[in-house]
Amino acid sequence: MTTEEVEELPAMYARSAAHAKDAGFSGVQIHAGHGWLLSQFLSPLFNHRSDGYGGSVEARSRIVLAVIQGVRRAVGPSYPVGIRINSTDKMEGGLTEDDALEVVRLLDQTSLDLIDLSGGTYFLGAKAASDSSSPGPYFVEFARRAKSVTRVPVMATGGFKKREQAIDAVASGAVDMVGLARAMALDPHLGNTWLREEGGDPDFPIFESAPPSGITDWFIMRLAALGEDREEAFDLDVPTAMQQFEGRTKFHAALWREALLR
Ligand SMILES: Cc1cc2nc3c(=O)[nH]c(=O)nc-3n(C[C@H](O)[C@H](O)[C@H](O)COP(=O)(O)O)c2cc1C
């Protein structure tokens with residue numbers, strides 16, 4: 001991207017945020033994690049720029065701060081604006097936890113209402129945040145460090161599977177709230193379920209020797225079933241989910257190509 005192209009970004013993000021607000025969403029989250037565009041600016045592995053947007057952590061964060069400002073201006077002072085950043089890219093040469101802590105220090109000086117800490121990168125051969133089958137939440141200890149350098153509320157997303165884990169993370173002071181993805185895909189009422197002590201935890205399926213991307217594909221197909229109100233009948237195994245996901249992607253890609261290249 002040229003410097004001029006980079007400078008167009010804040011207005012683009014601002015326009016999207018304004019659309020979301022107009023459409024009735026109760027808040028927006030700027031995505032600066034998981035290897036997407038702003039995440040690539042933050043990451044020394046991807047960002048080799050020699051203009052003002054590359055180099056030190058401050059310079060790599062510059063476009064992110066400009067986007068926050070643009071979004072805030074577009075949605076007004078009292079509309080909730082959060083951000084998701086990586087606590088680590090989980091890639092050699094990528095954003096480290098020490099770098100990410102510096103980013104949090106810079107975010108503290110902004111009008112943000114929430115910092116959501118995640119990790120991982122959607123990139124060939126890299127680990128995504130939803131690829132792990134670890135038994136516990138992933139980013140809580142980093143969140144604890146982050147909370148010590150900011151007054152902005154901090155959330156950690158990744159690996160919460162049990163009510164007790166969520167309670168521990170909040171009660172220990174590491175986070176102000178927890179983010180849930182796969183657990184909510186299994187039980188979309190989980191927020192309410194966990195308000196009750198006897199609410200119980202979702203049953204995470206056990207995937208024998210499934211490739212990591214296959215597990216994400218399975219959850220994507222599960223979300224699609226939820227969206228179409230047919231989750232009661234959802235019982236795909238991983239290979240079938242992968243096959244259906246591939247077909248769905250091809251179908252959508254054709255639609256998009258037709259709509260965008262017209
Ligand atoms: C099917 C699926 C789709 C996802 N899509 C997105 C996405 O569009 N944007 C995003 O930031 N994270 C996305 N994620 C990652 C989740 O937000 C979350 O960071 C990750 O799954 C770890 O949290 P969990 O352990 O609660 O699932 C997705 C995860 C899954 C399983």
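Before selecting anything, one cut-off: contact here means heavy atoms within 4.5 Å. This is a predicted model, so local features need pLDDT of at least 70 and side-chain atom pairs count only at pLDDT 80 or more, while totals for chains, interfaces and linings use all residues. Residues are numbered from 1 along each chain as its sequence is written, and side-chain values use heavy atoms, with hydrogens and water left out. Helices (H or I, at least four residues) and strands (E, at least two) are DSSP runs, numbered from the N terminus.

**Stop one: H9 and H10**

Select residues 212–227 for helix H9 and 238–260 for helix H10. On the H9 side, show Ser213, Gly214, Asp217, Trp218, Ile220, Met221 and Ala224; they meet Val238, Ala241, Met242, Gln244, Phe245 and Arg248 in H10. Color that contact by class and you get eight nonpolar, three polar and two charged residues (Ala, Val, Leu, Ile, Met, Phe, Trp, Tyr, Cys and Pro count as nonpolar, Asp, Glu, Lys and Arg as charged, and the others, Gly among them, as polar).

At what angle do H9 and H10 pack? About 70°, with the axes 8 Å apart; axes are lines fitted to C-alpha atoms, for helices over the stretch in contact, and angles run from 0 to 180 degrees between N-to-C directions. H9 and H10 are therefore roughly perpendicular to each other (65 to 115 degrees; under 35 is roughly parallel, over 145 roughly antiparallel, and the rest oblique). The crossing of H9 past H10 is left-handed, meaning the near helix is turned anticlockwise from the far one by less than a right angle; clockwise would be right-handed.

**Stop two: H1 and H3**

Next, pick H1 (residues 3–22) and H3 (residues 57–75), which pack at about 35° with axes 8 Å apart. H1 passes H3 in a right-handed crossing. Among the H1 residues in this contact are Leu9, Tyr13 and Lys21, and the H3 side includes Ile63, Val67 and Gly70. The tally for the contact of H1 with H3 is 13 nonpolar, one polar and one charged.

Zoom to Thr88, in the loop between strand E2 (81–86) and helix H4 (97–107). The Thr88 side chain reaches the backbone nitrogen of Lys90 at 2.8 Å. Leaving out residues up to four places away in sequence, Thr88 touches Leu95, Glu97, Ser118, Gly119 and Gly120.

Glu97 also takes you into H4, where Glu97, Asp98, Ala100, Leu101 and Val104 meet Phe142, Arg145 and Ala146 in H5. That contact has five nonpolar, no polar and three charged residues. The axes of H4 and H5 (residues 140–147) come within 10 Å and cross at roughly 40°, which makes H4 oblique to H5.

**Last stop: the ligand**

A polar side-chain atom of His31 sits 2.6 Å from a ligand oxygen atom. For Arg84, the corresponding distance to an oxygen atom of the ligand is 2.7 Å, and for Arg182 it is 2.7 Å.

Notes
A polar contact is a pair of N or O atoms within 3.5 Å; within protein, one must be able to donate a hydrogen and the other to accept it, and residues adjacent in sequence count only if both atoms are side-chain atoms.
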